[in-house]
Amino acid sequence: TQQKLQGDRLLKGDEVARILNISRSQAYKLMQQGGIPTVRIGRSVRVRYESLWQFIEQNTTPQVSLLE
């Protein structure tokens with residue numbers, strides 16, 4: 001299915017940076033430090049689409065109402 005294919009998609013560092021709205025060097029640093037799981041293909045480093053969304057979900061803080 002389309003959703004399964006999207007989850008298996010491998011992203012480059014610049015794509016990760018664009019999705020997270022951070023610099024490319026910050027994205028590679030997160031990948032290098034193990035914050036975002038990576039897949040190595042020879043000398044290339046990629047991130048599974050699904051792994052990136054898991055990272056986002058794990059690092060999302062709950063919204064706090066300012067009206068309380």
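Guide: Welcome! From the N terminus on, the elements of this protein chain run α-β-α-α-β-β-α. Please keep in mind that the model is predicted.

Visitor: How many helices and strands are there in the chain?

Guide: The protein chain has 4 helices and 3 strands.

Visitor: Let me start with the sheet. How do strands of a sheet pair?

Guide: In general, strands of a sheet pair through backbone hydrogen bonds, and the pairing is either parallel or antiparallel. Here the 3 strands form an open sheet in the order β1-β3-β2, and the pairing is antiparallel.

Visitor: Which strands stand at the edges, and why is one side of each left without a neighbour?

Guide: The edge strands are β1 (10-11) and β2 (39-41); each has a single partner strand, so one side of each has no neighbour in the sheet.

Visitor: Over how many bridges do β1 and β3 pair?

Guide: Their antiparallel pairing spans 2 bridges. To find one in the viewer, pick leucine 11, whose bridge partner in β3 is valine 47.

Visitor: Which helix lies across β1 and β3?

Guide: That is α4, which runs at about 65° to β3.

Visitor: Now the helices. At what angle do the axes of α2 and α3 cross?

Guide: They cross at roughly 105°, and the two axes come within 8 Å. An angle from 65 to 115 degrees counts as roughly perpendicular, so that is how α2 stands to α3.

Visitor: Which residues make the contact?

Guide: From α2 come Gly13, Asp14, Val16, Ala17 and Leu20, while α3 supplies Arg24, Ala27, Tyr28, Leu30 and Met31.

Visitor: Could we zoom in on one of them? What is alanine 17 in contact with, leaving aside its neighbours within four places in sequence?

Guide: Alanine 17 is in contact with Ile22, Ser23, Arg24 and Ala27.

Visitor: Which residues make up the largest nonpolar core?

Guide: To read a core, look for buried nonpolar residues joined through their side chains. The largest one here has 10 residues: Leu11, Val16, Ala17, Ala27, Met31, Ile36, Val45, Val47, Leu52 and Phe55. The elements giving two or more residues to this core are α2 (13-20), α3 (24-32), β3 (44-48) and α4 (49-58).

Visitor: What percentage of the chain counts as buried?

Guide: Of its 68 residues, 21% count as buried.

Visitor: And what share of the contacts join residues at least 24 apart?

Guide: Taking contacts between residues at least 6 apart in sequence, 47% join residues at least 24 apart.

Technical notes
Residues numbered from 1 in each chain as written. Predicted model: local features only at pLDDT ≥ 70, side-chain atom pairs only at ≥ 80, totals over all residues. Heavy atoms only, no water. Core = buried A, V, L, I, M, F, W, Y, C linked by side-chain atoms within 4.5 Å. Buried < 20%, exposed > 50% of the residue type's maximum accessible area, 1.4 Å probe, protein only. Contact = heavy atoms within 4.5 Å. Axes fitted to C-alpha atoms, helices over the stretch in contact; angles between N-to-C directions. Parallel < 35°, antiparallel > 145°, perpendicular 65-115°, else oblique. Pairing = 2+ DSSP bridges.
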